[in-house]
Structures are given as C-alpha cells and as structure tokens.
Amino acid sequence: MNILFEIGHPAHFYKFENTIKALGAKNHRVIVIIRDSPIIISLLRKSGFTFFIIGKKKDHFVAKVYMQIFYLLKTYRLIKQNNIDLMVGSVTTTLLSKLTS
C-alpha cells in the first residue's frame, strides 16, 4: 500500500513517527511531505525517513494564498505519480482526498 503523510508541525512528527516506522517495517511504501521547516527537516533526517519538501512557509497573506495553491498542485501531482492509497495529514490531504478518489 502507498501511504502519504503530511507533517506540518513538529507535534505531527511525534504523533506519527511510530506509525510510519511500523508501516515501513510491513513493506508499505510511506511518503512524507512537508513545507520547508528547519525543525521538521531535522527530525525527519534523524529518523531516516524519506521526505519531500513541497513548499515554503510565508508570512504575508497573499504569499500564503499563492503558496497554498502551489502546495496543493504539487501534492496532487505527487499523489497521482505515486498511486497513493491512503493520505494522513491536515487540510491539504483532506481536500485532495476528495479530488483524487
């Protein structure tokens, strides 16, 4: 099974760390996506998980809107290219689960 995890906050890493390890041990293909966050990148590197950085965090409202659209499109493409069966995450994965089902 191909499973996508979206980690948007360090707490998400700690919440899903053991689940990701267990799924990987059972030969499921696990893909982790994040926005560019030094703390999350450090945690994922220490864990040895494969992850993709699909965007950056922005402060300005207009930049946030633009980056969200960009993030949705990149994530959608990744879902289609990797035949994702299950998505775990937040708003992005919820929206895209409806569009890709």
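In the predicted model, strands β1 and β4 run parallel and are joined by three bridges. Strand β4 spans residues 86-88. Within this pairing, Phe5 has Val88 of β4 as its bridge partner.

Strand β1 also pairs with β2. Six bridges link these two strands, again in parallel orientation. Here Phe5 stands opposite Val32 of β2.

Ile3, Phe5 and Ile7 point one way from β1. Asn2, Leu4 and Glu6 point the other way. Both sets are buried, Asn2 and Glu6 included.

The largest nonpolar core comprises 16 residues. Phe5, Ile7, Ile20, Val32, Ile34 and Leu44 touch the most other members. At least two core residues come from each of β1 (2-7), α1 (10-25), β2 (29-36) and α2 (38-47). A separate core of 10 residues lies apart from the largest one. Its members include Ile31, Leu72, Leu78 and Ile84.

Leu44 illustrates the contacts made across the sequence. With neighbours within four places in sequence set aside, Leu44 is in contact with Ile7, Phe13, Val32, Ile34, Phe49 and Phe51. Of these partners, Ile7, Val32 and Ile34 are, like Leu44 itself, among the residues that touch the most other members of the largest core. Phe5 belongs to that group too, and in the strand pairings Phe5 faces Val32 in β2 and is bridged to Val88 in β4.

Conventions. Residues are numbered from 1 along each chain as its sequence is written. This is a predicted model: local features need pLDDT of at least 70, side-chain atom pairs count only at pLDDT 80 or more; totals for chains, interfaces and linings use all residues. Side-chain values use heavy atoms; hydrogens and water are left out. A nonpolar core is a set of buried Ala, Val, Leu, Ile, Met, Phe, Trp, Tyr and Cys residues joined through side-chain atoms within 4.5 Å. Buried means under 20% relative accessible area, exposed over 50%, partly exposed in between (1.4 Å probe, protein chains only). Helices (H or I, at least four residues) and strands (E, at least two) are DSSP runs, numbered from the N terminus. Contact means heavy atoms within 4.5 Å. Two strands pair if DSSP finds at least two bridges between them.
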